[in-house]
Amino acid sequence: MSDIVNLSRRRFLRMGALAGGGLILGVNLPGCTPCSPAKANAPAAVPPAGEAAACYDPNAIIRIGTDESVTIVVTKAEMGQGTYTSLPMIVAEELDADWSKVRVEGAPVAPVYTSPVDNAQGVGGSSSIRNEYEPLARTGAMARAMLVAAAAAEWKVDPKTCRTENGHVLHADGRKLSYGKLAEAASRIPPPKAVTLKDPKDYKLVGRPTKRLDSLEKTNGKALFGIDVQVPGMLVALVARPPVFGGKMKSFDDSKTKAVPGVRHVVAIDRGVAVVADSFWPASLGIGKLEVVWEDGPLAAFDSEAQPQQYEELAKQPGIVAEKEGDVEAGLAGAARKFEATYWFPYLAHAPMETLNCVADVRPDACELWTGTENQTLDRDLTAKECGLKPEQVKLNTMFLGGGFGRRAADDSHFVLEAVQVSKAVKAPVKVIWRREDDIRGGFYRPSSFHRVEAGLDPAGKP
């Protein structure tokens, strides 16, 4: 069975009915009683005692089936950083689940999956574990308590005489029941208001080398990245964009482009001109024959080659003091040895292995997206605004990301809205693909910066 589960709601309900029941539970409500772990040795991601724990509204984060599978819904995108393994590890650790039975399902974009810390659904700043550790750990502990309560009720014993291990509840007298057999009964038990997290010294998964749940899919070719998506009736588009940031299309001649076999449409969109074809190759040939007159705009005068010298001059000016301790000027003046170094960092393209892409299917009353994105909530909301729809009318399927590094978290969702605008114009599902040269020329660059460092050492060689 695949470790990565991508289920529609309808398919999940159908499978659940066939499986004969299961456990569905979520995290405590905001304002719930804080858990009481032995926090002195807890990982840094767990807030110190006395701080409010981040909580989700109740939702199906954990699904335990009667077939013994444990499906964990992950709200974060997987772009190679390991969220489809690390976040389930947190839940499975507190749940005492059998890791070989754990499956992953990517969460749809919905308010119930909004991060209580970020107030949005997305990833950034290496925050997935830092922000999600506490709520996910509590979810696993809640599920474990419910399963123990279900077993204790069946055996008519005190829950305190039971323990959990590797997907089973065990009693002191040797009896044991699997989570799958207890799932349906546990689903009828109210979640506890307070739970106790494990002492980190008892961890069996967290902090140890663990099999990644997405490795097999990514090596045998079954993993679906955004660029792999195919939907019925889909066309492929490439977009000619201005050679200067902030430029606009003035006019274009598409007569030669439309003569290319396979080219179906040429449409103007906000960021340029899209050539829409049956597949990538005719779109590529067609865009090569497109003649566009651009209006470069105010940034045409920007001289990136002169920027290092400008920044170096700016660095000589007095700056804002972030913190002052001691007398730097006097220290440097009396230093036995002095050092000075300058560092120039140019604009850098993120250049992820998988270039940007998005499939959009815009209809009068709905829109469906397939893309690898780091900013699901914003992409959905801006798509809804573009289409005149309500956010709940937009379905966004978060695919595997072939690298991101922040490139797929654009604050204007431009690579998503391009596909939306093209699909809306041609009234068909469309995949917009950025070629490598498109991404390098029109990327969302890491900013350039200049740094000057001065340091002095005393006769003993100390700063």
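**Exercise 1. Strand E15 and its partners**

Strand E15 and strand E16 (residues 366–371) pair in the antiparallel sense over five bridges; find which residue of E16 stands opposite Ala360, and which residue of E18 is its bridge partner.

Solution. The model is predicted, so local features need pLDDT of at least 70 and side-chain atom pairs count only at pLDDT 80 or more, while totals for chains, interfaces and linings use all residues. Residues are numbered from 1 along each chain as its sequence is written, and side-chain values use heavy atoms, with hydrogens and water left out.

Step 1. Helices (H or I, at least four residues) and strands (E, at least two) are DSSP runs, numbered from the N terminus. Two strands pair if DSSP finds at least two bridges between them.

Step 2. In E16, Leu369 stands opposite Ala360. E15 and E16 form a hairpin, with two residues between them.

Step 3. E15 also pairs with strand E18 (residues 430–433), again in the antiparallel sense, over four bridges. There the bridge partner of Ala360 is Val430.

Step 4. Buried means under 20% relative accessible area, exposed over 50%, and partly exposed in between (1.4 Å probe, protein chains only). Strand E15 (residues 357–363) is largely enclosed by the rest of the structure, because six of its seven residues are buried.

**Exercise 2. Cysteines**

Solution. Step 1. A disulfide is a pair of cysteine sulfur atoms within 2.5 Å.

Step 1. Cys387 is in no disulfide either; its nearest cysteine sulfur, that of Cys367, is 4.6 Å away.

Step 2. Cys358 is buried, with a relative accessible area of 0%. Cys387 also counts as buried, at 17% relative accessibility.

**Exercise 3. The length and cover of helix H11**

Check whether the span of helix H11 (residues 414–426) agrees with its 13 residues, and state how many of them are buried.

Solution. Step 1. The expected span of a helix is 1.5 Å times one less than its number of residues. For H11 this gives 18 Å, and the end C-alpha atoms are 18 Å apart, so the two values agree.

Step 1. H11 is mostly covered, with 11 of its 13 residues buried. Among them are His414, Phe415, Glu418 and Val426.

**Exercise 4. Salt bridges of Lys76**

Name the residues that meet Lys76 in salt bridges, and state where they lie in the chain.

Solution. Step 1. A salt bridge is a side-chain nitrogen of Lys or Arg within 4 Å of a carboxyl oxygen of Asp or Glu. The structure holds 29 salt bridges.

Step 1. Asp118 and Lys76 meet in one of these, at 3.4 Å from N to O. This pair links distant parts of the chain, 42 residues apart: Asp118 is in the loop between strand E5 (102–106) and helix H3 (128–155), and Lys76 in the loop between strand E4 (70–74) and helix H2 (83–95).

Step 2. Glu132 and Lys76 meet in a salt bridge as well, at 3.8 Å from N to O. Glu132 lies in helix H3, and this pair is 56 residues apart.

Step 3. Lys76 is buried at 3% relative accessible area, and Glu132 is buried at 1%. Asp118 is partly exposed, at 34%.
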